[in-house]
Every structure is written in structure tokens, then in C-alpha cells.
Amino acid sequence: MTTQVLWLRRDLRLADQPALLAAASAAGGDGVVPLFVLDPALLAPAGAPRVAFLLGSLRALDAELRRHGPGLVVRSGRPEVVVPGVVEAAGAGGVHVSADFGPYGAERDRRVEEALGEVPLVRTGSPYAVAPGRLTTGSGTPYQVFTPYLRAWLEHGWRSPADSDAARVTWRGLPGEAIPADPRLGDTVLPEAGEDAAQRAWAHFLDRRSTYDAERDRPAVEGTSRMSAYLKIGAVHPRTLLADLGPEDTAFRSELAWRDFYADVLHAHPASARDYLRPQLAGLPYVSGELLEERLAAWAEGRTGYPLVDAGMRQLRGEAWMHNRVRMLVASFLVKDLKVEWQHGARHFLRHLADGDLASNQHGWQWAAGSGTDAAPYFRIFNPVTQSRRFDPDGDYLRRWVPELRDLGAQEVHEPWRLPDGPPNGYPRPIVDHAEERAAALASYDELRRTTT
């Protein structure tokens, strides 16, 4: 047995950690070095909220490791340089990771594996209940529609949580770097970071999950789990959550399946992180130049004149999170009402979301734009007023995030431009007419179909 390196990435936890079990088994009493690499290629494009949540998660993990040994070894640089350097310093016989199926992660691991030479890079487990590429259709091709994927996912099943325990591991330390200070967040308030915080958040959701089906689409109430940031960072594994669910938790289980599905789609089509999954949709007329900048800014700053759109965009700035129902609306509005290509919105989300996950974010945007995995994509155009009246009927969410409308009643708050004197307190009138833009979007799609078929 020899010392092993546990290179942590999207698995910042010690419980339900298969890679830790593998490292500890290979190391025996020679010890495991817990390593995190601050990779500039990942940090540079990430927004301040995601970076701050990562750093908070690293501090929490380091504090937990110090209860059992020397603590987390943090180093900065290109992983293909840093990881072999740590292996040499520790005299390690192997590097253990959770498999990464993303476009960058897979290529990064190939480079590290090559740089390690005869020292193996051992992949055990992944951030998913069912790893990307595991499920295929009857003809052996990747799934592109969610419903049949869900059936296969449920039939395949998943492993029970791994029985990893930091107290049973011999930990080894090496010189490292201090975890950097958080970037400036302004008024943005992040959730508490770390594995313990994730477990508390999950326990809180379990106490109220009986209302999930009825309330998960209502942004004004505490109806969702708020586990997405913890799943993104790997402070908790989806297996842990699935193990606590019962037969009645169909809707929440399906949400976890969506996460695996989008990772599977990205694994099969890596270019879809930036390009259209359905390339023909790139032929639709989108705005450019000054009009693009004006519309994108109004949308990003929450001043489109449509209260539910603006409330969502302001929640994003305030909490580095947005309710999923509202995410779908604001994405549809940007692409189909404002005629802004989906990549602009996807980049904005990744800059501001603490839970910004490449696969879920990009393919959620492509779904909303009509260029993704939906079986009947482009015809779905969310009506911001209808959505507002249906899912926030009393206007509580609107008034919380759009204080200009705080004095309006449940009837007026959804369409403040219809008031005799127009919207109050300087709130803008609608930037576009939804009915007109919907008709234009559908006409453009019809024209595109005629010219491309």
C-alpha cells in the first residue's frame, strides 16, 4: 500500500463519497492526501456568486477535515501540472477522483492522466445518480427526449449511498495555499456553504416535502428544496437524496432525473454547451447591435415592465438563485419576446447563479429557446401575465422583488401599465407587446420551417 491522493472537484463532501472509499482502501495506513486545485480555466469565467460559494464550501470541508487530520491541501494552477507535483511530493501511488463527464472536465482529466504517467488516475463514481452514457435507447443511441429517458432511468436505478467515514481514514497533509478571500458580492446573499449546511437544508425540505407537488411552481412560497447549489458543488450526492424519498415523491425524483438527463445530453453532444442542439433554429431572426445591448440590459436589470420577469431577474441578483418556474419564463421572454439568442441569457445565468451547472443551465436554455430536447419545441411561448396570475395570484413574489409595485393590489400588480396613470414609482411600461412578439416569433418559425424542409 502507498499514499493516495483524493483529488476533489465537484464532490466537496466526506459522506457518500465512493472516491474516498477507493482511496482509503488503496492507501491503508499510508494515508490519503485530500487535494483541491484552484483551476484558472474554471475560475476565470465563473461569476462572483459561484466562486464565493465554492470558496465557502472549501472552507467548510477544510474545517471538517481538520477534525480528523491536517486539513485540505489547496493549490492553484493547471491541474496537469499541480496534480503530478502533489503526487511526487507525497510519494503517492494513485490519484482518486469522481468521474467528470463535462467537455472541459473530461479533457482536463485526459491531460492529467497523461502527465501522471504510470501513476493511475482512478475514477470511482460520478456526480450523478446514473452516470452519463450509461443509458441508451433500444437502438443504442443517446436519449434526446426526457420521458423515455426517465423510464429507463427509473428502471436502471442507482446505488445506495456509499459508507464513507472520514474518521476511519488516515489523512496526510502537504504544504498548500490559503483559501482565497471571497470576491465582492455587493448585496447578493448566498446560502450557507458546506456539507453540514447541505444536510440541514435537505432535512428542512424533508419536513415539508408533502407540499412539494402543490407548491413547487409558486415562487412566493418556500415550495422547492433549494438543493441545487449543494448538488452542483457536490456537498451532497443525489443518491443521498434519492435514498430518503418514498413512492409518493414522484415529482421530486423526476427533477433529479432531469439533472442526469441534461448531463447525458451534454456528454453525447459536447458542442451543445455553446451551439444549437437543433442547428436550424440558429436561422431565426435575432436582434443585434445597439438593440441587442438595450434589450439584454433591460432584461438583466429587471426593468422590462413585465413584473414577473423583472422579479425573477432581481431575485437572481439578490440571491444568486431563481425559482425554476420563473427561470423558464425569463428565458422564454428573452428569446421569444425580445428576440435575443439564448447564449446571451445562458452566459448571464452562469455569471450570477450560485448553482450554475453547465449541462442543466445550457440545456434548460435550449429547451426554453426551442432548440433543445423538447419534442415540440418552438411553439411554447410563456405569457408573462398569465404565468404571473396563475403562479403568484396574490402578487406577493412581485411585491417582494419589485418594490415599485408594493402598494398595488392583487389585480393591478400583474399589469401595472393598465392603471389610469400608468405604472407607479417610475416602474417602466412593457418594453415590447407580448401578443405582437408572440405572433412574430411563430411567423418566423413557420417561415424557417418552409425554407429548411
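This is a predicted model: local features need pLDDT of at least 70, side-chain atom pairs count only at pLDDT 80 or more; totals for chains, interfaces and linings use all residues.
User: OK, cavities then. How many are there of 30 Å³ or more?

Analyst: There are four cavities of 30 Å³ or more, where a cavity is a set of points on a 1 Å grid over the protein atoms alone at which a 1.4 Å probe fits but cannot get out.

User: Which residues line the largest one?

Analyst: Its lining, meaning residues with an atom within 4 Å of a point, consists of Arg9, Arg10, Asp11, Ser98, Ala99, Asp100 and Pro127. By class that gives two nonpolar, one polar and four charged residues, with Ala, Val, Leu, Ile, Met, Phe, Trp, Tyr, Cys and Pro counted as nonpolar, Asp, Glu, Lys and Arg as charged, and the others, Gly among them, as polar.

User: And what lines the second largest cavity?

Analyst: The second largest cavity, with a volume of about 40 Å³, is lined by Arg218, Ala220, Phe391, Asp392, Pro393, Asp394 and Asp396. Three of these lining residues are nonpolar, none is polar and four are charged.

User: Switching to helices, which residues of H12 are buried?

Analyst: In H12, which covers residues 289-300, the buried residues are Leu292, Arg295, Leu296, Ala298, Trp299 and Ala300; buried means under 20% relative accessible area, with a 1.4 Å probe and protein chains only. Helices here are DSSP runs of H or I with at least four residues, strands are runs of E with at least two, and both are numbered from the N terminus.

User: What covers them?

Analyst: The cover includes helices H13 (307-319), H14 (324-337), H15 (342-352) and H16 (358-369). Just after H12, glycine 302 takes a positive phi of about 70°.

User: How much of H14 is buried?

Analyst: In H14, 13 of the 14 residues are buried, so this helix is largely enclosed by the rest of the structure. Just after H14, lysine 339 takes a positive phi of about 60°, although lysine 339 is a residue other than glycine.

User: Is that lysine buried or exposed?

Analyst: Lysine 339 is buried, with a relative accessible area of 11%, and lies in the loop between H14 and H15. Aspartate 16 likewise has a positive phi, of about 45°, although it is not a glycine; aspartate 16 lies in the loop between strand E1 (4-8) and helix H1 (18-27), and is buried with a relative accessible area of 4%.

User: Last topic: which residues touch the most other members of the largest nonpolar core?

Analyst: Of its 112 residues, Trp153, Trp171, Tyr230, Trp299, Phe349 and Trp365 do, a nonpolar core being a set of buried Ala, Val, Leu, Ile, Met, Phe, Trp, Tyr and Cys residues joined through side-chain atoms within 4.5 Å. Helix H11 (residues 250-268) gives the most to this core, with nine residues. A second, separate core of 19 residues includes Trp7, Val33, Val37 and Val112.

How values were computed. Residues are numbered from 1 along each chain as its sequence is written. Side-chain values use heavy atoms; hydrogens and water are left out. On a 1 Å grid over the protein atoms alone, a cavity is a set of points where a 1.4 Å probe fits but cannot get out, and a pocket is an open set with protein on both sides within 12 Å along at least five of seven lines; lining residues have an atom within 4 Å of a point. Grid points are joined across faces, edges and corners, and a volume is the space filled by probe spheres set on the points. The expected span of a helix is 1.5 Å times one less than its number of residues. Buried means under 20% relative accessible area, exposed over 50%, partly exposed in between (1.4 Å probe, protein chains only). Contact means heavy atoms within 4.5 Å.
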